[in-house]
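Student: Please give me a close look at one part of this model. Keep it brisk, and define the terms as you go.

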Amino acid sequence: MRRIIVFVIALVAGAALLAPGAPAAEKIRVVTTIPDLKSLAEAVGGDVVEVDSLTRGTQNFHEAEVRPSMMLKLRRADILIENGVDLDAWVDVAVVGANNGKIIRGAPGRIDVSRGIPLLEVPSVRVDRSMGDVHPLGNPHFSLDPGLAPTITQSILDGLVRLAPEHRAAFEANRQAFLTRLDGELARWTQMLAPFKGAKLVVFHPDFIYFIVRFGLVQAATVEDKPGIPPSPQHVVRVIRQIKDEKIKVILVEPWNDVKLARRLAEDAGAKAIVFASAVGAVKGADNYIAAIDFNVRTLAEALR
Amino acid sequence: MRPSPRVGFVAGLVLAMSCTAPAAAQDAEALRRELEQMRKQMQETQAQYERSIEALSERLRKLEAQPPAVATPPAPAAPVVVQAPAPAEPPPSAPSAMDLLRRREPFALYGARGPGQFLFDMGVAGDFVANFVKRSAERTESGTFAGRENRFFPREIELNLFGQVDPYARAEVRIEAGEEAPREELTVRLAEAHLTLLTMPWGTQLKLGQVRNRFGLLNQLHEHDLPQTDRPNVLRAFFGEEGLVEKGGELTWVPPLPFYLEALVGVFNGDNDVAFGNGRIRNPLVTARLRTFFELGDTGGLQLGASLATGLTADEHRSTIVGVDAKYKYRPDGWLHPLLTVAGEALWSRRTVAIASDDPDVVAAEQTRHRFGWYAYAELQPFRRWAGGVRYDWTEYPLDPGREWAVEPYLTFMPSDFLRFRIGYKHTDRSRPLLTDAGLAPRTMDEVFLQGSFILGAHPAHPF
C-alpha cells in the first residue's frame with residue numbers, strides 16, 4: 001500500500017513539474033463567468049490576454065453546474081471576471097475548488113463588473129422566495145445593454161492594469177477603439193429601433209430589461225408566473241389575453257428556456273416568438289458582443305415591422 | 001502748580017482719541033455696510049435653500065403618493081461616451097508572509113457593518129422522512145432507519161452558516177437536529193465546523209476542523225442532498241449510518257496540469273467507531289483522495305476518483321478502506337438539468353480483528369478480513385421538475401460473515417429548486433438472518449420511504 005501511495009505522489013508531482021507553465025509568462029490568463037464578459041475582455045485585453053469563459057451562451061447562467069473542468073480553468077487563471085449581482089454566485093464554489101489564491105474574493109485578480117452599474121428592477125420591498133428567483137440586489141442581466149459597455153470595460157481595464165500596469169497604454173487604446181466602434185453601431189441600432197419606440201413586448205424571463213429600456217421599448221408582461229417559476233395555465237391564459245388586448249407583436253425567449261411553449265403561446269395570441277441572443281454565443285451568428293446585440297436589434301426590428 | 005503725570009496721561013489720551021475719531025467712524029461705517037451685505041447674502045441663500053427644500057419635499061410627496069415601483073427609472077438612450085466611473089477602491093494586496101504575521105483586526109468590518117448585515121450567509125435545510133416496514137422488521141429494529149421504523153420523523157434539520165472569515169479564509173458551521181430514537185427529544189449536534197485557508201502556497205488549501213470527509217461520492221453529502229432517501233447499504237455497513245465525519249485537517253492540492261486533478265491528504269482523530277475508533281491523533285486516521293474529470297463534448301462529463309482511509313480500531317488493529325468511484329452526467333445543450341446521471345462506488349475493506357478464545361490463558365489470535373461492496377445508480381430527469389431512478393447495492397458485512405443486496409427505485413418531484421418530495425421502495429435480501437440488538441431480523445425486507453426536503457435562505461451551489 002505504501003509503495004502505491006509513494007508511486008502516485010511521485011507521478012502527480014512529476015507530471016506537475018513537467019506540465020507546460022511557460023504560456024503564463026507570455027499572456028495574462030483571464031477567465032470570465034459568462035461569454036459576454038469574455039468578448040468584452042478580449043476587446044480590452046487584445047493580444048496580451050488569453051480569455052476563457054466558464055459557461056456557454058446557450059446556458060442559463062443562474063443554474064450553471066459547478067464542474068471540475070471549471071476548477072481547472074480557474075486553477076490557471078490570473079484574473080477572474082464575474083458579472084456579480086448574484087447571477088454567477090456559483091463561481092465561489094468553483095474558486096474554492098481551484099486552490100488559486102490569486103482570484104479569491106478580495107484578491108487583485110478578481111473583477112466584479114457590476115460596480116458602477118445603475119441596476120434596474122432593484123426591489124423596493126422586502127423580498128423572499130415566494131416571489132420566485134428574485135435578485136435582491138437588482139436585475140443582473142445588464143451586459144445586454146450596449147450603453148453600459150463603457151462602464152463594464154472600465155472595470156475590466158482597471159483589473160487588467162492592476163495586474164499588468166506595463167500594458168496600460170495598449171489596454172486603453174484597445175478599449176477606446178472598441179468603444180468607438182460600438183458608438184457607431186449603437187447610433188445605427190438606435191435608428192433601426194426608433195420607429196418602434198414605446199412598442200410593448202412580452203418576455204419569457206426578465207433577461208432583457210436593460211436592452212428594452214435602452215431602446216425605449218416597454219416590457220408589458222413575462223410568460224413566467226414569477227422569475228424562474230414555470231407559468232401556470234391560468235397565467236398563460238392571462239398573458240394571451242393581454243397580448244391580444246394590447247396588440248403586442250413579439251414574445252422574446254431565451255434559447256435555454258421553453259421555446260416550444262413560447263411559440264405555442266405566440267401562435268394562440270397571434271404574436272411572434274423570437275429566440276433572442278440572451279448572451280454571446282446563445283444563437284448562431286452571435287459570436288461576439290457586437291454581433292450578439294446586432295442580432296437582437298435586427299431580429300426585433302424585423303419582427304416589429 | 002505743575003500738572004500731575006496722571007492728568008497728563010488722561011489729557012494725552014483724550015487728544016489722541018479726538019484725533020483718531022473720524023477715522024474710526026469711517027471704519028465702523030464700512031463694517032456696517034459689509035455686515036449689511038452679508039446679511040442680504042445670508043437671506044438670499046436661506047431663501048434659496050428654502051425653495052430647494054420645498055421643491056424636494058414636493059417631489060418626495062409625489063413619489064410617496066405613487067405605488068411602489070420595482071424598477072428604477074429607465075436610462076435614456078444615449079450614445080456611448082467614454083468616461084471613467086467612480087475612482088476604484090485600492091485593491092487588496094495578496095497577503096505576504098509578513099501580512100500573515102501582522103496582528104489583524106477581524107472585527108473592524110463587523111464594526112462598520114450596517115444594521116441587519118451579518119457578513120455571512122445563513123440557510124436552514126429541513127429533511128423529513130417516513131419509513132414503512134413490516135411488523136417483523138419493526139420489532140427487530142432492522143430497517144434502514146433502525147429504531148424509527150413505521151414513523152414519520154425529522155431526520156435532519158440543519159442550520160448552515162458560511163462565509164469569508166477574512167480575505168484569506170472561509171468558514172462553515174452546520175448544526176443539526178434530528179430524531180434518533182422515537183418519542184425522545186431531538187438530538188442537536190455539531191455536524192460540521194471547519195475553516196479553509198485559501199491562500200496557501202503552491203496551489204494548496206488547508207481545511208481544519210470537523211468535516212464530512214471527502215471519501216468517494218456520497219460521504220461528503222448531507223442527508224437532504226443525497227440522490228436517494230438513504231445512503232447505500234455498503235456505505236452504512238463500512239462507515240455507519242452517519243458516514244465518515246472526522247476531526248482533523250486535510251490538505252488539498254490542484255497541480256498545474258493540462259487536465260483536472262485534485263489530490264487530498266488528511267489526518268484525523270479516527271473517531272468513527274464503525275470503521276476505526278482509536279480516536280487519537282498520535283495514531284491518526286489518514287485519508288487520501290485523487291479526483292479527476294473529463295469533459296465529454298459539450299454535453300457530457302465524467303468524474304473518476306480513488307479514496308483511501310487507514311487508521312486503527314479501538315483495540316489498536318489496522319483498518320484500511322480503499323474505494324474507487326465514477327460519475328457520469330449527460331446534459332443536453334441548453335438544458336437546465338441533466339437528462340441522465342450514472343454513478344457508482346466500489347469499496348474494499350481490510351481489517352485485522354482479534355479472535356478471542358474461551359480459554360483465558362490462550363492469547364487472542366489475529367485474523368485479517370477482506371470485505372468488498374459496491375453500489376451504482378442511474379437517474380433519468382426528462383422534465384425539470386421530475387426525476388426517477390434506481391439504485392442497486394451489494395455488500396459483504398465488514399466483520400461478520402455474510403452479505404446482502406438491495407434494490408431501490410425512486411421518484412422525485414421538485415416544485416422548485418428549494419423544495420423536493422420523494423417516494424422510494426427498497427427491497428433488501430440478506431444471505432442470512434441478521435442479528436440486531438432487538439432480535440433476529442428477517443432475511444428479506446421491503447421498505448417504502450416518503451421524503452420531503454426544503455431549503456430556507458442561502459445554500460451553497462453543489463459541485464458536479
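Tutor: Two residues are in contact if their C-beta atoms, placed from the backbone, lie within 7 Å. This is a predicted model: local features need pLDDT of at least 70, side-chain atom pairs count only at pLDDT 80 or more, and totals for chains, interfaces and linings use all residues. Residues are numbered from 1 along each chain as its sequence is written, and chains are lettered from A and ligands numbered from 1 in the order written.

Start with the domains. Chain A is assigned domain 1 (24–184) and domain 2 (193–304), with bounds from an automatic or database assignment. Their C-alpha centres are 25 Å apart. Across the boundary, 27 residues of domain 1 contact 23 residues of domain 2 in chain A. On the domain 1 side, helix H3 (residues 35–45) of chain A gives the largest share, five residues. That side holds 12 nonpolar, 10 polar and five charged residues. Helices here are DSSP runs (H or I, at least four residues), strands likewise (E, at least two), numbered from the N terminus. Nonpolar means Ala, Val, Leu, Ile, Met, Phe, Trp, Tyr, Cys and Pro; charged means Asp, Glu, Lys and Arg; the others, Gly among them, are polar.

Now one residue. Phe204(A) sits in the loop between strand S5 (200–203) and helix H8 (209–214) of chain A. Phe204(A) counts as buried because 24 other C-beta atoms lie within 10 Å (20 or more is buried, 12 or fewer exposed, in between partly exposed). Leaving out residues up to four places away in sequence, Phe204(A) touches Thr222(A), Val223(A), Glu224(A), Ile251(A), Leu252(A), Val253(A), Glu254(A), Asn257(A) and Ala262(A). Gly228(A) is 24 residues away along the chain, with 9.6 Å between its C-alpha atom and that of Phe204(A).
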